Amino acid sequence: GQVGKHALDDAEDLQPVEEARAFARLMLHYEQDTSPVKAAVGAELSYEMIRSEWGDDPETGLRASRYIISGPGSDAYGTDANGFGQINESSSQYSPVGEGWEVYTVSPLGELNWALSSQDTLLISGRADKHRYTDWMFSPRGAWIHQFNQDTFFKLIGQRSVRMNLQEELYMNQANGQDNDPEVLHTVEAIYNTKFGPNISFAG
């Protein structure tokens with residue numbers, strides 16, 4: 001596992017949290033010298049625990065955003081030393097989480113490399129991600145590569161990229177009954193590469 005610290009809000013008074021993360025990946029590969037097809041299939045699994053920073057009281061020291069705090073024992077709860085109101089049950093997005101929360105992400109993935117001819121290759125890959133607080137998210141990618149000669153080739157690439165929100169955003173949306181829709185980007189790209197000599201190349 002890996003442990004990293006980061007601030008989950010730009011406000012200076014917010015405390016950093018720690019994420020303890022475990023990650024596993026399993027892949028199966030297929031390849032034969034006589035076959036034009038190469039393939040791989042597998043899955044990734046990650047598990048994360050969001051906790052208060054090392055050394056803080058685990059029951060009162062977590063504050064992951066303006067509204068996600070440990071609970072009534074937190075320094076961010078109620079009224080501060082100067083008499084200013086902070087977060088409590090009357091706050092619309094008040095989210096007490098105690099010692100923190102745990103999330104998982106399951107991601108099956110695969111890739112196919114098919115040599116259609118001596119000049120043409122088809123690449124198809126994709127993955128699906130299921131976070132604890134999201135629906136399934138799909139990210140397919142396809143590419144056709146045509147090689148004119150040893151130094152010149154053309155690529156046509158199309159893909160759908162999906163990016164999840166940050167962990168505290170996912171938690172807040174889930175707690176408030178809101179959908180956790182990811183950011184989705186569709187792209188199509190054409191690339192032409194060639195060489196005019198040992199020291200001059202062109203890509204566009």
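Two strands count as paired if DSSP finds at least two bridges between them, and strands themselves are DSSP runs of E with at least two residues, numbered from the N terminus. The structure described here is a predicted model, in which local features need pLDDT of at least 70 and side-chain atom pairs count only at pLDDT 80 or more, while totals for chains, interfaces and linings use all residues. Residues are numbered from 1 along each chain as its sequence is written, and side-chain values use heavy atoms, with hydrogens and water left out.

Nine antiparallel bridges link strand E6 (residues 101-115) with strand E7 (residues 120-131); here Asn-113 has Leu-123 of E7 as its bridge partner. Asp-120 lies opposite His-146 of E8, and the hairpin formed by E7 and E8 has five residues between the strands.

The surface comes next. A nonpolar patch there consists of Leu-45, Tyr-47, Tyr-104, Val-106, Trp-136 and Phe-138, which together have about 580 Å² of accessible area (Shrake-Rupley method, 1.4 Å probe, with only the protein chains shown counting as cover for residues). Strand E3 (37-52) and E6 are the elements giving two or more residues to this patch. Patch residues have over 30% relative accessible area and no salt bridge, with nonpolar side chains joined within 5 Å and like charges within 9 Å; a salt bridge is a side-chain nitrogen of Lys or Arg within 4 Å of a carboxyl oxygen of Asp or Glu. Val-106 belongs to strand E6.

Notes: Helix = DSSP H or I, 4+ residues; strand = E, 2+ residues; numbered from the N terminus.
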